[in-house]
Amino acid sequence: MIPYGHQDISLEDIQAVENVLKSEFLTQGPVVPQFERALAEYCTAAYGIATNSATSALHIACLALDLGPGDWLWTSPNTFVASANCGLYCGAKIDFVDIDSRTYNLSVEKLTEKLERSAKDGTLPKIVIPVHFAGQSCDMAEINALSKKYGFKIIEDASHAIGAKYCGEPVGNCKFSDITVFSFHPVKIITTGEGGIATTNSQELAEKMRRLRSHGITRDPELMSKRPDGQWYYQQIDLGFNYRMTDIQAALGLSQMQRLEEMVSQRGKIAKAYNVALSKLPIILPYCDPENLSSNHLYVIKVDPNKRSQIFNELRDDGVGVNVHYIPVHRQPYYQQFGFKSVDYPVSEKYYSQVISLPIYSSLKVEDLNYVVEHLTKSVLKKVDEF
Ligand SMILES: *Cc1c(COP(=O)(O)O)cnc(C)c1O
C-alpha cells in the first residue's frame with residue numbers, strides 16, 4: 001500500500017536517537033531545550049514549549065489563555081477532532097465557523113458575520129483556533145484584525161504547516177496570534193514519533209505553558225507562596241499534567257529539522273507534479289496560493305460526489321492508501337450531543353462529500369506517484385457499464 005503520508009527517516013536521524021539512548025538523560029535532558037530553541041528560532045518566535053503531542057500543546061495553550069467553563073472556543077469544522085477537543089477539556093463550549101470553498105480553511109467572511117451576530121447575543125468567543133489546512137496558512141492578518149475588534153485570543157493550529165510561510169515569514173512566528181501549535185506525528189512534515197510544540201512571543205504564556213506541561217510545578221522562589229524549605233524544594237501552583245517530550249523524541253526532531261526545508265521543497269515538487277499530471281481530469285485540484293508558501297501536508301482533490309466512494313474504493317483496492325480529510329467535526333457523534341446542524345455548515349458538508357487525499361510525503365518515489373496518477377485516471381474516467 002502506498003500510504004497517504006509517511007515519515008522520512010535518515011541514517012543521521014537514527015544516529016541522533018542512538019546518541020541519546022547512550023547518554024545520561026532519556027527525558028528532560030539537554031536536547032529538549034535545544035530542540036525548542038532551534039524550532040522557535042526557525043519560526044522567529046521568542047519561545048518554544050515542546051510537548052508529547054500537538055493535542056497536549058493545544059490543551060495547555062487554551063489553559064494558558066484562561067479558557068474555562070462558560071467560555072466559547074471557535075474553530076474550523078474541517079480539522080482533526082483535537083482542534084476542538086482542547087476546548088472541551090477546559091470545560092468551554094465549542095462552535096464552528098464554516099470553511100472557504102476555495103482554500104478549505106476557516107472562512108474569514110463567515111467568521112466576520114458570526115462575530116457580528118454573537119456580539120449582539122453575548123456569545124463572543126474567548127479563543128479562535130484557525131487551522132492551516134493542508135499546510136496553507138489562513139489569512140492571519142484579517143483574523144488578527146477581527147480579534148482586536150472583538151477581543152478574542154488566537155491559537156494557530158499549524159499541525160500541517162511547519163515550514164510554510166505567510167506574507168513571506170514563517171508560520172509560527174505568532175505575529176498575528178498569541179500561540180501557534182505544531183504536530184510531529186509521523187504523517188506530518190517532520191516527526192518526533194509523537195510530539196508537538198507551542199510557540200509564542202509572550203514570556204508569561206511561555207512560563208505558564210511550561211508549568212502546565214509538568215504538573216503545574218515551579219522551582220522559581222518568586223512564584224512560591226513561601227520561602228523554599230531548602231534546595232530540594234518545589235511547589236505545585238497550578239493543576240498541570242505530564243505532557244513532557246522526551247530527549248529521545250527531541251533528538252529525532254532536531255535531526256529532522258536539518259532537512260525541513262528540503263522536505264517541504266520535495267512536497268512542493270510532488271504537488272506540482274500532481275497538478276500537471278491531473279490537469280486534464282474532470283476533478284478539482286487544490287488551490288495554490290501564489291503569495292503564501294504551503295508546506296503541502298495534504299494533496300486533496302475533489303471528485304463527483306456520486307463517484308467518490310467508487311473512486312476511493314478502487315484506489316484502495318489497487319494499493320493506493322487514499323484518505324479523507326476531514327469528516328467535519330460537528331458530524332462526530334460526540335459533537336452531535338451539542339445540537340450541531342449540518343445546514344449551518346453547507347460548504348464543509350459539500351466539501352466532505354467530494355474529497356479524497358492522495359499520497360504526498362517527502363520520501364514518495366516517482367514511480368509511486370506515477371502509479372497513483374495512472375490508477376486515479378483510470379478510475380475517474382471509467383465508463384458506466386450499468387444503471
Ligand atoms: C495531527 C493534528 C493534530 C493532533 O496532533 P497530535 O500531535 O497527533 O496530537 C491536531 N490538529 C490537526 C489539524 C492535526 O492535523
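I looked up the largest pocket of this predicted model and found about 540 Å³ of space in it. I listed its lining and got 23 residues, with Q28, R210, R211, R213 and S214 closest to the centre. Helix 2 holds the largest share, five residues. Sorted by class, the lining of the largest pocket has nine nonpolar, five polar and nine charged residues.

Next I took the second largest pocket, where I noted about 440 Å³ of space. I recorded 23 lining residues for it, and those nearest its centre are Q136, Y287, C288, S294 and N296. Two or more residues of this lining come from each of helix 9 (260-277) and strand 12 (299-302). Helix 9 gives the most, with six residues. By class I have 12 nonpolar, eight polar and three charged residues in the lining of the second largest pocket.

I went on to the packing of helices. Two packed helices are described by the angle between their axes and the distance between the axes. For helix 3 (residues 54-64) and helix 7, I noted axes that come within 9 Å and cross at roughly 125°. Why do I call helix 3 and helix 7 oblique to each other? Angles of 65 to 115 degrees count as roughly perpendicular and those over 145 as roughly antiparallel; the crossing at roughly 125° is therefore oblique. On the side of helix 3, the contact is made by I60, A61, L63 and A64. On the side of helix 7, I listed L205, K208, M209, L212 and R213. I sorted the residues of this contact into seven nonpolar, no polar and two charged. R213 of helix 7, in this contact, is also one of the residues closest to the centre of the largest pocket.

The largest cavity holds about 30 Å³ of space. I wrote down its lining as H6, Q7, D8, P186, K188, I189, I190, T191, Q256, R267 and S362. By class, I have three nonpolar, five polar and three charged residues around the largest cavity.

Terms used. Residues are numbered from 1 along each chain as its sequence is written. This is a predicted model: local features need pLDDT of at least 70, side-chain atom pairs count only at pLDDT 80 or more; totals for chains, interfaces and linings use all residues. Side-chain values use heavy atoms; hydrogens and water are left out. On a 1 Å grid over the protein atoms alone, a cavity is a set of points where a 1.4 Å probe fits but cannot get out, and a pocket is an open set with protein on both sides within 12 Å along at least five of seven lines; lining residues have an atom within 4 Å of a point. Grid points are joined across faces, edges and corners, and a volume is the space filled by probe spheres set on the points. Helices (H or I, at least four residues) and strands (E, at least two) are DSSP runs, numbered from the N terminus. Ala, Val, Leu, Ile, Met, Phe, Trp, Tyr, Cys and Pro count as nonpolar, Asp, Glu, Lys and Arg as charged, and the others, Gly among them, as polar. Axes are lines fitted to C-alpha atoms, for helices over the stretch in contact, and angles run from 0 to 180 degrees between N-to-C directions. Angles under 35 degrees count as roughly parallel, over 145 as roughly antiparallel, 65 to 115 as roughly perpendicular and the rest as oblique. Contact means heavy atoms within 4.5 Å.
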